[in-house]
Amino acid sequence: MNSRFVQNLHHFIKKHAMIEYGETVLIAVSGGADSIALLYGLHALQTQLSCQLHVVHIDHCLRPDSAADAEFVQEQATKLDLPFSGHTIDISRLSKEWKLSIETAARKARYDFYESVCSNTGATKVALGHHKDDIAETVLMNIIRGTGSSGLKGIAPIRDGKYIRPLATYTRKDIETYLKSIDVVPREDPTNKDKQFLRNRIRHNLIPILEQEYNPNMKNGLCRTAEILGSESSYLDKIAQQAYTECELTTSDTASLILDRQKFLQYHIALQRRILRHAVSDILGELNDFSYDHCQTILNIVNGDKPNAKFTLPNVFVFKRAYQKLILQRNSDEIIDYNYILNIPGKTKLSILNAEITATFLDTNINDLPTIPDGTKDALFDYCNIDLPLKLRNRRHGDRFQPYGLKGTKKIKDFFIDEKVPHDQRSRIPLLVCGEEIMWVVGFTTSEKFKIQTTTKRCLHIRYEKNRTIS
C-alpha cells in the first residue's frame, strides 16, 4: 500500500499540474491523519516533484490540548528535515473582535497566515489535506442545507491556481491504511466525534446507513456528481461575474458596494442568485453563513413594492434597497477599528476589509510614466519622503491632511463632508499613513506632501483591491 499510495499521489498531482518544477509548497498540517498523510506523501515525492516543502501549522486555541498538536507537527517537520512555521491565535477573541462566526474567523485567520508565510518564503502553492470522504460529506451537508449547484460542486482539486488538494482521490480508509503501513500515528481531534456538529452526524450516522442500505459505492457517486456540477458551476460563475460587473456601480466607500437594480432585474433568476453570491463574497470574503433563505429574502426585497428596505444578515452584514440602488455593506452600527502594518514591498491581506494592498517600487523619472494614478485604486508616492513602516487604518479624531493640489491642510471630517460621504460610511474608508501623516484617502485622493516630483528618483506604487472569489 505504501508505494501504491505514493505512486497514485504522484499521478494525481501530475494529472492536475498541481506542482511545477522548483516551486515551494506549503503543507498545512493540523496533526490529524489527513494532513499527516499529505506531509509524508509529499515528502516521499519531493525529489520526483523537484519542489521545496515547508510545513505550516496554526493553533486556534479552541481546545485545551491544542498546543500539543503544534508540538507534534513541529516534531514531524524536524524528523523529515523540513522547515516549519507555526502561529498561535485566539480565534474566540478574534471572532468577537471581527464580529464573525468562529468558523468564518478561523478560516480567515488560516488563509491570512498561509499568505503571510507565502510572502516570507516565496511559496507559490499551499497543499491542503481534503480527501474523497470530505467531498462526499460536503455534498451531503449542502443537500441537507438546501444549497444549489455551487454548494454541490464539493471541493475542487485546485483553487485560485494556488491552493491544492493532492488527497482528493483518496478515501479516509486509504489514508489510515497508508499511515499504518509507514508506522506513523497521527493526533486525534476529539471534536471530530462530537455529534452536535452536522458534518460529524453525516460522517458517523448518515453515510454508514446510505452505504449499507442503498449504495456501498455512494462516496464515489457523490464525488462524480461534485465533479460534473463543479464544471457546470464554474462556467455559470464566469457568466455571473460578467453580469455582476455590469450591475456594479462605482462607490467611494471601499467597504460596501452598490448594484443597479434595473440592470440586476434584467438577468435570469439563476444568474441573480450568483450575482448576489459574488457581491456577498466581495464584502465578507466568505459564503459559509449566506444561505438560500438569506438570498431569497434579498430577492423578495429587490422585487417588492417598497422602494426602501433593509435586511440584516449574519456577520453584521446588511442589505439595503434604496429605490433603484441595491446596497450591500457591513452594519454601520458595527464599525471595527483596524491598523495594518504594510509589507513594503509586497502584499498585505486586509481581512476586515476583505481586500489586499500591493506595494512595489518604480525606479523611474516622472516624465517616463505614461499616466499618474488618480488616487482611487492606485497611488504613486515619492519614496524619498517616506519613513517606514506605513500603516493602513480608519479615521481618528482630529485627523488632517493636505489634499493633492491644495496649499493648506483640511480636517478629514471636513474633507468627507465636502465629498458628500454619508456619515455612516466615513469610518469605513481606509487611510494610508506615514507616522501620523495621512498619505492617501483610499478611493479619493493622495496627499500633496508625498506627491512625486520632477526630481523624484524612486516611486512607491500602491494598489488597493477588494478580493473577488466565491470559492
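Me: Which residue in β16 is the bridge partner of Y340?
Reply: This is a predicted model in which local features need pLDDT of at least 70 and side-chain atom pairs count only at pLDDT 80 or more, whereas totals for chains, interfaces and linings use all residues. Residues are numbered from 1 along each chain as its sequence is written, and side-chain values use heavy atoms, with hydrogens and water left out. Three bridges join β12 to the antiparallel strand β16 (residues 390-393); helices (H or I, at least four residues) and strands (E, at least two) are DSSP runs numbered from the N terminus. In β16, the bridge partner of Y340 is L392.

Me: Which are the edge strands of the open sheet of five strands?
Reply: The order of this open sheet is β12-β16-β19-β20-β21, with antiparallel pairing; two strands pair if DSSP finds at least two bridges between them. Two strands each pair on one side only, and these edge strands are β12 (339-341) and β21 (445-446).

Me: Why is one side of β3 and of β5 left without a neighbour in the sheet?
Reply: The open sheet of six strands, with mixed pairing, runs β3-β2-β1-β4-β6-β5. One side of β3 (84-88) and of β5 (158-159) is left without a neighbour because both stand at the edges, each with a single partner strand.

Me: Which residue in β3 is the bridge partner of V56?
Reply: Strand β2 (residues 52-59) pairs with β3 in the parallel sense over five bridges. In β3, V56 has as its bridge partner S85.

Me: What angle does the direction of α2 make with that of β1?
Reply: Helix α2 packs on the sheet, touching β1 (24-28), β2 and β4 (125-127), where contact means heavy atoms within 4.5 Å. Axes are lines fitted to C-alpha atoms, for helices over the stretch in contact, and angles run from 0 to 180 degrees between N-to-C directions. The direction of α2 makes with that of β1 an angle of about 155°.

Me: How many of the 12 residues of α2 are buried?
Reply: Buried means under 20% relative accessible area, exposed over 50%, and partly exposed in between, with a 1.4 Å probe and protein chains only. The buried residues of α2 include A33, I36, L39 and Y40. The helix is mostly covered, and its number of buried residues is nine.

Me: How far apart are the end C-alpha atoms of α2?
Reply: The expected span of a helix is 1.5 Å times one less than its number of residues. For the 12 residues of α2 (residues 33-44) the span should therefore be 16 Å, and this agrees with the separation of the end C-alpha atoms, 16 Å.

Me: At what angle do α7 and α11 pack?
Reply: The axes of helix α7 (residues 132-145) and helix α11 (residues 218-247) are 9 Å apart. The contact involves residues including I135, A136 and V139 of α7 and M218, L222 and A226 of α11. The two helices pack at an angle of about 70°.

Me: Which residue in the turn between β13 and β14 has a positive phi of about 50°?
Reply: Five bridges join strand β13 (residues 346-350) to the antiparallel strand β14 (residues 355-362), with T348 partnered by I357. The strands form a hairpin with four residues between them, and the residue with the positive phi is N354.

Me: Which residues does A17 touch, not counting those up to four places away in sequence?
Reply: A17 lies in the loop between α1 (2-15) and β1. At 43% relative accessibility, A17 counts as partly exposed. Beyond its sequence neighbours up to four places away, A17 touches K125 and I158.
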